[in-house]
Amino acid sequence: MSNDNEKKVLRSQAWFGRQDKMGFYYRSFLKNSGTPQDRFEGRPVIGICNTWSELTPCNGHFRVIAEHVRQGVLDAGGYPLEFPVSSLGEVTMRPTAMLFRNLASMDVEEAIRAHPLDGVVLLMGCDKTTPALLMGAASADLPTIGVSGGPQLRGVYRGQIIGSGTNIISMSEQLRAGEITLAEFHEAEAAMNRSAGSCMTMGTASTMASMVEALGIGLPENAAIPAADARRNLLARMAGRRIVEMVAEDLKPSDILTRHAFENAIRTLAAIGGSTNAVVHLLAIAGRVGVELTLDDFDRLSRDVHCLVDLMPSGRFLMEDFYYAGGLPAVLRALGERGLLHKEARTINGKSLWDNVAAAPNWNKDVITPFETPFKPEGGIAILSGNLAPNGAVIKPSAASPELMKHTGRAVVFESVEEMHDAVDDDTLDIDASCIMVLKNCGPKGYPGMAEVGNMPLPAKLLRQGVRDMIRISDARMSGTAYGTVVLHVAPEATVGGPLALVKNGDMITLDVAARALHLHVSDEELATRRAAWTPPEPHAARGYQKLYIDHVLQADRGVDFDFLVGRSGSPVPRDNH
Ligand code: FES
Ligand code: MG
């Protein structure tokens, strides 16, 4: 093994192994930190790709995580070099962090390729940081390990467990309904975010950390160890050790991210009741490695999977409970025992997925329910289609109301998110609980960035009557921490002239989740008349990154990546820089 290691010519030696003007140049500047000469003489150089930022509080502890990775790399004889990439803070970035996912992925891909690296450890946590780094690293295709930062500890407010996002939504509705005071609202804010880490519900961050583990691109237990638990630091250290071995083995993302790996991830997504956002992210990652994944794969593969994990927003518990119950390995084992896992799929620790989880214990069957008596029989994401969404739409049945899963109602239409916000608090709005709220122009090009606004707030007057759910349809996404009977990702989006653009107040719409149907009861002739009268909205930007985005972003059914980023280029050594 170590002989092979010594014989292998490392990519970084194209920089550091040269005994000429350029070799002087490449080594000399790095010596300003006190780096000894032997670091340049054949040690694998490991990039620690860090998304730390004070503006991304969910990744605020990543300088500590990076130190543990660094120690692991040193333990194994590698040369660690940490570098920053764009960070994507879900809470503060406007108009939506998703607008910048592809930008960050370009940053990651180009940084990996441009630098003298042999392998990479990706530090990711807050929602969009995970897909952005995986997309970039997949296109660069050097040996890579994903390390998630871990979820926060449980939120506890006045003795009650509260979950990220999920309880923000319910408490803001309580505030609007006059059930709690502003002081109580402020107190709950501090109670919810009381430790380092990402959202501790099964929102997008925890879902994507689970996808890292299910895809095999992270170590076992990556999904659930809380950020504040010392075992998160241990996992980071072991990732640092392992990446050095992976360089010797030349084990790359293209070896790990196979069609079988994505099928495992989709089934896992169903079993954890994961975020709808994972659909666009997995499609985009698959596109980078040339795996032809479609929306139909999500529907087909989820159908025989139950939702096993009783976590908010679908259920009661939080990520901390999930970890103590056995975490994702226990879920993967349950899937494998039912023949719902490609057991041979390779993972970054060198073992198969099944080797990693075959003996995984389940310590708490309330949190991780048995397959025979699942938390919810209908797992996963259902893919809808019909004349309102010719290229598909998604709904998460486990977070929806059973009585609304088959329903016909009158459309109440909003042309923009601002119009919707003005209208929902106006008691003269002509709406009742049987209506269907329809929101347009919030898709990839329309917002732009496909914001998390699909779970529209319910009209104030209906909230006061005790209404807590209604059907909502849009071309937007929703937060992974949200819930309700919400149809999302309608494709094509309204802004490019999808049928959603043609819906009018008073039209009747049928949602039938069992039949996977979303139908607008308007004749083809009438739709053709409306289409002839339709004009596209003005683009949101005439220059800059937003123009690039609008010109090149793909629709939701294709993962919302840029057309020119699909595929991978590997990491050949670039030409000399001087
Ligand atoms: Fe960062 Fe939820 S806002 S993980
Ligand atoms: Mg979110």
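**Exercise 1.** Determine what percentages of helix and strand the chain has over residues 43-356.

*Solution.* Over residues 43-356 of this predicted model, the chain is 49% helix and 9% strand. Helices are DSSP runs of H or I of at least four residues, strands are runs of E of at least two, and both are numbered from the N terminus.

Residues are numbered from 1 along each chain as written, and chains are lettered from A and ligands numbered from 1 in the order written. Local features need pLDDT of at least 70 and side-chain atom pairs 80 or more, while totals for chains, interfaces and linings use all residues.

**Exercise 2.** Describe how helix 12 and helix 16 cross, and state which residues make the contact.

*Solution.* First, the axes (lines fitted to C-alpha atoms over the stretch in contact, with angles from 0 to 180 degrees between N-to-C directions) of helix 12 (residues 259-271) and helix 16 (residues 327-337) come within 10 Å and cross at roughly 110°. Helix 12 is therefore roughly perpendicular to helix 16, a class that covers 65 to 115 degrees. Next, Arg267, Thr268 and Ala271 of helix 12 meet Val331, Leu332 and Leu335 of helix 16; contact requires C-beta atoms, placed from the backbone, within 7 Å.

**Exercise 3.** State the average pLDDT of the chain.

*Solution.* The average pLDDT (the predictor's confidence in each residue, from 0 to 100) is 95, and 99% of the residues score at least 70. Over residues 1-6, pLDDT stays under 50.

Conventions. Two residues are in contact if their C-beta atoms, placed from the backbone, lie within 7 Å. Angles under 35 degrees count as roughly parallel, over 145 as roughly antiparallel, 65 to 115 as roughly perpendicular and the rest as oblique.
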